[in-house]
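Here is a short note for a colleague who is meeting this structure for the first time. Please keep the model open while reading.

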Amino acid sequence: MFFSLGSVTALVAGIFALHVVQKLCFPYFWKDVFYLVKVIRYGARLEIFKITSKVVTIIDRFVQQAERIPTKPFLIYEGITYTYQDINERSNKLANVFLEQGTLKKGDSVALLMNNEPDFICVWFGLIKLGCAVAFLNTNIKSRSLLHCFNCCGAKTLVVGADLLDSLEDILPSFLEDNISVWAMKNESSHTEVQTLLDKMDKASDKPTPPALRAATSLKAATLYIFTSGTTGLPKAAVITHLQSLKAAAGFWAYGGSEDDVVYIPLPLYHSAASLIGVGGTIEMGATCVLKKKFSASQFWNDCRKYDVTIFQYIGELCRYLCNQPKAEGEKKHKVHMGVGNGLRQDVWREFHRRFGEIRMCELYGSTEGNLCFMNHIGKIGAVGRSNFFYKLLFKYDLVRYDMVRDEPVRNSQGFCQHVNKGETGLLLSKIGASSPFFGYAGSKQLTEKKLMRNVFVKGDAYFNTGDLMAEDAEDFICFKDRVGDTFR
């Protein structure tokens, strides 16, 4: 009895000692473990897709959710609620219009030029149901840049929002010369060369298109083209595969989001943050999203209270605009518990907490075309992400010395790059491999090659050059420092 009691006492003391050591030496241990378990679990699911060739895409997930929770609100826009079933059936109508017209076939690319509205999502989903790849066009680009976008992704069809059709008047003749057909989300059009969609959708069937049309046999197949203007010159069409879409859609879930959340999306859908992380993440959780046509600092908190928003998407400037709003009564009276985004400055971060409460701000790091993502799952102010020993085993990245005067990485006498020490600033490079492929830009092998660095540490290796200077501190938190060259983020 004495021996048993002594053994139990020793065991308890040992556990307590380990707990104390863990708290002192490894304060983020359990948070890291729970986060990595989620990453590995989701990654295993993608690996199963590769092995079995049974790829479940974002549109497949949406159809599954529409069958599972048909009457649940999926989208709220300007006070009107659309259920999962509503959006599913309307996207079916769009798909059936083009199926009946016979103008599109599986594998075609279609350009989409629309502002934030429910039909952006319906058109996007409808075209994917036909097996088409969709190019999201920035609504701010005009004339020559717009034509360049079509050349990049090979699109011969354009779907344009009703409120943007007039802005194309000067360029319509060029579309005709290039055999590009234009479809407007209108019942009728004064432009004889423009075909209308709304009148045809009213008459179309809402029955599903054949699943074989949308079926994907590879995670590496292109599903979207998203144009990035991160460098000087014309926009570049980043190739977005099913793999990248699925990874982005896991963001909210990885941060602890659930089907009970209501996501506020005030960012433009033609960017990956709103479409892939926002809409895709809502679908993955089986949650509800509130879509805003355009961000409004004065309406933000009223919207959050009106729709019981729990998660919102941001870019750093958005939070700064909110902090610059006149102070009002009850600023902390809301249900928002999480913000997900990037570019949040430390001073704005602290002021945001002071004004609006201890909302968990979840910083992300990654580019539309990049093959690496960091997530600040701890919530440390000023960090864009967090790493650790196990994360580095899964995702191969390095920080190398960079010469700001010569505007190039520092190489040794053998011609290889040099690692920086902990806490030092270096150029972030991400190794290209089976688990972290780089799909490049559509229509330009030259631009794709320009983003690569070869023979970095050994002959024949290849890394994606993020163009970002970062630092990793003693606790493995990643902090953004600057951008290099002619780039701007």
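1. The model is predicted. Please read every value below as computed from that predicted model.

2. Helix H15. This helix spans residues 346-356. Which of its residues are buried? They are Val348, Trp349, Phe352, His353, Arg355 and Phe356. Residues three or four places apart on an α-helix point the same way, because a turn takes 3.6 residues. Just after H15, Gly357 has a positive phi of about 100°.

3. Cover over H15. What covers the buried residues of H15? The cover includes two helices, H13 (300-306) and H14 (316-323). It also includes two strands, E12 (311-315) and E14 (360-365).

4. Aromatic pairs. The count comes to 31 aromatic pairs. Take Phe150 and Phe175: their ring centres are 5.1 Å apart and their planes meet at 55°, so this pair is tilted. The cut-offs matter here, because planes under 30 degrees apart would count as stacked and over 60 as edge-to-face. Phe150 belongs to helix H6 (residues 143-153) and Phe175 to helix H7 (residues 172-177). The two are 25 residues apart, and the pair links distant parts of the chain. Both Phe150 and Phe175 are buried.

5. A pair that involves H15. The ring centres of Phe312 and Phe352 lie 5.9 Å apart, with planes at 35°, so this pair is tilted too. Phe312 is in strand E12 and Phe352 is in helix H15, so the pair ties together parts that are 40 residues apart in sequence. Are these residues buried or exposed? Phe312 has 0% relative accessibility, so it counts as buried. Phe352 also has 0% and therefore counts as buried.

6. The aromatic cluster. Phe312 and Phe352 are part of one aromatic cluster.

7. Charges over rings. Where does the charged end of Lys38 sit? It sits over the ring of Trp253, 4.8 Å from the ring centre. Arg386 lies over the face of Phe477, at 4.8 Å from the centre of that ring.

8. A surface patch. Phe29, Trp30 and Phe34 make a nonpolar surface patch of about 350 Å². Phe29 is placed in helix H2 (residues 29-52). Its relative accessibility is 36%, so Phe29 counts as partly exposed.

How values were computed. Residues numbered from 1 in each chain as written. Predicted model: local features only at pLDDT ≥ 70, side-chain atom pairs only at ≥ 80, totals over all residues. Heavy atoms only, no water. Buried < 20%, exposed > 50% of the residue type's maximum accessible area, 1.4 Å probe, protein only. Helix = DSSP H or I, 4+ residues; strand = E, 2+ residues; numbered from the N terminus. Contact = heavy atoms within 4.5 Å. Phe/Tyr/Trp six-rings, centres within 6.5 Å; stacked < 30°, edge-to-face > 60°. Lys NZ or Arg CZ within 6 Å of the ring centre and 35° of its normal. Patch = residues over 30% accessible without salt bridge, like charges linked within 9 Å, V, L, I, M, F, W, Y side chains within 5 Å. Areas by Shrake-Rupley, 256 points an atom, 1.4 Å probe, with all protein chains shown as cover. Salt bridge = Lys/Arg side-chain N within 4 Å of Asp/Glu carboxyl O.
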